[in-house]
Amino acid sequence: MASGDPQRIRHPLPPARWPSRDEAAAARWFSPIQIGQNLTARERTWVPAMVPWRATDDGLVTPEVLDWYARFAEGQPGVLVVEATGIRDVASGPLLRIGDDRFIPGLRRLVDTVRERSQGRTRLFIQVIDFVAVRRRPEPEKFFGRYLAVTDSLRAQIALGLDDRRWLGASDSEVREFLVGADRVTIETVLNDRELEALDYGYRERVWDTHLDHIRELPRVLPALFAEAAWRAREAGFDGVELHYAHAYTMASFLSRLNTRTDGYGGPREHRVRLPLETLAAVRERVGGDYVVGIRYLGDDVVEGGSGLDDAVWFGLRFAEGGIDYLSVSKGGRFEDAKQPKIGEAVYPYTGRSGYECMPTVISDERGPFGRNVPLAASIRRALRDGGWSTPVVTSGGITTFDQAEAILRNGEADCVAAARQTLADPDWFRKIRLGYGAQVRRCEFTNYCEGLDQRHKQVTCKLWDRQVDPADPTLRLASDGRRRLSAPGWSPPGEEAGARVV
Ligand SMILES: Cc1cc2nc3c(=O)[nH]c(=O)nc-3n(C[C@H](O)[C@H](O)[C@H](O)COP(=O)(O)O)c2cc1C
Ligand code: SF4
C-alpha cells in the first residue's frame with residue numbers, strides 16, 4: 001500500500017485447494033487456446049514479462065538470462081513473455097535490447113533454450129518497449145552547478161523573488177552560486193515546477209514535452225522502431241511480440257489522459273490512440289498477418305487526471321479493429337505518483353499508489369491484493385465480445401491458486417490467467433498442479449522483496465529460494481552479492497531422478 005494510505009490491513013494468503021491430476025487435465029486453465037491466426041498455446045497459464053537485470057550493459061543475452069528463462073520454461077507454462085526489451089540501439093544498462101540485428105543471435109539462443117527446456121510446450125513471446133529519459137535524483141550542488149539550465153526566466157524569477165533587478169543581467173555562474181547557497185523557501189520560489197521536480201526527483205521527460213526535438217518527433221520514429229524490433233523477434237524465432245503500452249513508458253503515456261500534445265497525438269482519445277495504432281499497423285505490415293502481435297496496456301492509470309477504465313475499454317476496441325491478437329491488461333505503475341528517490345537513485349514507478357495497484361502486496365485495503373485487477377480485464381473482454389471480437393484477454397495481479405484461475409476463466413473474466421510473482425516464487429508451479437502435485441507449490445508471500453531488488457537494479461531473486469540452500473550442490477549459483485540463490489531450487493516429480501523430466 002502506498003505509504004500514507006489510511007488502510008493497512010494485512011491479508012492472509014488465500015487458502016489453496018489443489019486439484020488431482022485428472023481434475024487438472026479437465027481444467028480450463030490447462031486447456032488450449034488459439035492466439036492469432038496460426039498459433040495455439042497448449043495451456044492458458046501465462047508468465048507475464050519480468051525484468052531480472054541479468055543482461056550485459058550492452059543489452060546482450062548472458063548465460064544468466066538463459067538460466068532465468070530456462071527455469072521458467074521447466075514449469076511449462078502455456079505462454080512465457082520475455083522481459084521488457086529496448087527497441088532502440090542506445091545504452092540502457094543491463095536490460096535486454098532488440099534495436100539492432102546484432103542482438104538476434106543471443107535472442108535466438110534464448111528461444112532455443114526455452115523450446116528445449118519446456119519440451120516444446122511453452123509459447124514464447126517478447127515484450128518490446130520504448131521509454132524516454134529519466135535521470136537519477138542529483139546532488140543539489142551538482143544540479144545547481146551543472147544540470148540546471150540558467151535561463152532568462154530563471155533570472156527574472158530571482159530578480160522578482162529578491163526584488164532586485166540587477167539579477168536580470170546576472171552571469172551564469174552568479175546564478176548558480178546564488179542557488180547553491182539559497183535556502184529551500186527561496187529555491188521553491190524561484191524554480192518552476194519542472195525544475196523543482198528535477199531537483200527533488202531527478203529530471204524526467206514527458207511525451208508531451210514537444211519543445212524537445214526528439215520528443216516532438218516520436219510519432220515519426222516510433223512506428224518504424226517498433227516494427228523493426230518486431231521483425232527481429234520473428235527472425236530470432238519468438239512465437240510472438242508484445243508491444244509494451246503499459247505502466248510508466250512512452251506508449252502508455254501517449255494513451256494517458258495526461259497527454260496534452262496538440263499535434264494530433266494528444267488530447268482527445270482519438271488522438272491519444274493514434275500513435276499506438278500507427279505503430280501497431282507498422283508492426284503488422286512488417287511481420288505479416290500470421291505472426292502473433294499482442295499489446296500489454298493499462299486498464300486504469302490510477303493517477304490523478306490519468307486514463308480510467310472507460311478509456312481502456314475504448315482503446316481495447318480500437319486495438320481489436322487494428323488487428324491485435326491478444327490484450328494483456330495491467331494496472332498503474334506510473335511515475336506521476338512515485339515516491340521521492342534517494343539522492344543518486346532514479347524514481348521508481350512501482351512505489352506510489354499506482355505502483356501498489358500494479359504489484360499489490362498483502363498489506364492492503366479491505367479488498368486485498370488477490371485478483372484485484374480482474375474486473376478491468378473482465379470489462380474490456382465484455383466490450384470486445386459485445387463488439388463481436390474474440391480477441392483473447394489476459395489478466396494478472398495477485399493470482400496464486402488454481403481455484404482463483406479457474407473461477408476467472410469460468411466466469412468469462414479473462415481467457416488466460418497470468419502470474420508473475422507466484423511463478424517467480426515457484427517456476428514449477430504450473431507443472432506441479434498439472435501433474436497433481438499442487439501441495440508442493442512454494443507459495444509467493446506477496447511482500448515484494450523481489451520488487452525491492454528490481455528497484456535497486458539488482459539481480460531479481462525470490463527470498464523463498466534461499467530457504468533451500470545446499471552448499472554442496474555443484475549446480476548452486478549465487479547472485480553477484482554472493483548471498484542469494486540466483487535461481488529457484490530444482491524440482492522433479494516424486495519418484496523421478498532430479499533433472500529427469502516428464503511430459
Ligand atoms: C521483478 C518484476 C519485474 C517486472 N517487469 C515487468 C516488465 O518488464 N514488463 C511488464 O509489463 N511488467 C513487469 N512486471 C509486472 C508483472 O508482469 C505483473 O504485472 C505484476 O507483477 C502483477 O502480477 P503478479 O501479482 O502476478 O506478480 C514486473 C514485475 C516484477 C515483480
Ligand atoms: S520475493 Fe516475495 S513477493 Fe517476490 S516472488 Fe518471492 S515471495 Fe513473492
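Leaving aside neighbours within four places in sequence, Ser31 touches Arg42, Glu43 and Arg44, where contact means heavy atoms within 4.5 Å. With Arg44 there is also a polar contact between the two side chains, at 3.0 Å. Such a contact is a pair of N or O atoms within 3.5 Å; within protein, one must be able to donate a hydrogen and the other to accept it, and residues adjacent in sequence count only if both atoms are side-chain atoms. Ser31 itself sits in the loop between helix H1 (21–25) and strand E2 (33–35). Helices (H or I, at least four residues) and strands (E, at least two) are DSSP runs, numbered from the N terminus.

The model is predicted, and local features need pLDDT of at least 70, side-chain atom pairs count only at pLDDT 80 or more, while totals for chains, interfaces and linings use all residues. Residues are numbered from 1 along each chain as its sequence is written, chains are lettered from A and ligands numbered from 1 in the order in which they are written, and side-chain values use heavy atoms, with hydrogens and water left out.

Turning to the fold, eight strands form a closed barrel with parallel pairing, in the order E4-E5-E6-E7-E8-E9-E11-E12; two strands pair if DSSP finds at least two bridges between them. From one strand to the next, the twist averages 25 degrees. Strands E11 (residues 393–395) and E12 (residues 416–418) run parallel and are joined by two bridges, and Val394 has Cys416 as its bridge partner in E12. Helix H3 (residues 104–117) lies across strands E5 (79–86) and E6 (123–129), at about 150 degrees to E6. Angles run from 0 to 180 degrees between N-to-C directions, and axes are lines fitted to C-alpha atoms, for helices over the stretch in contact.

Now for the ligand. Around ligand 1 there are 19 residues, of which Gln127, Arg296, Gly398, Ala420 and Arg421 come nearest; a residue counts as near if one of its heavy atoms lies within 4 Å. An N or O atom in the side chain of Arg296 is 2.8 Å from an oxygen atom of ligand 1. A backbone N or O atom of Ala49 lies 2.9 Å from a ligand 1 oxygen atom.
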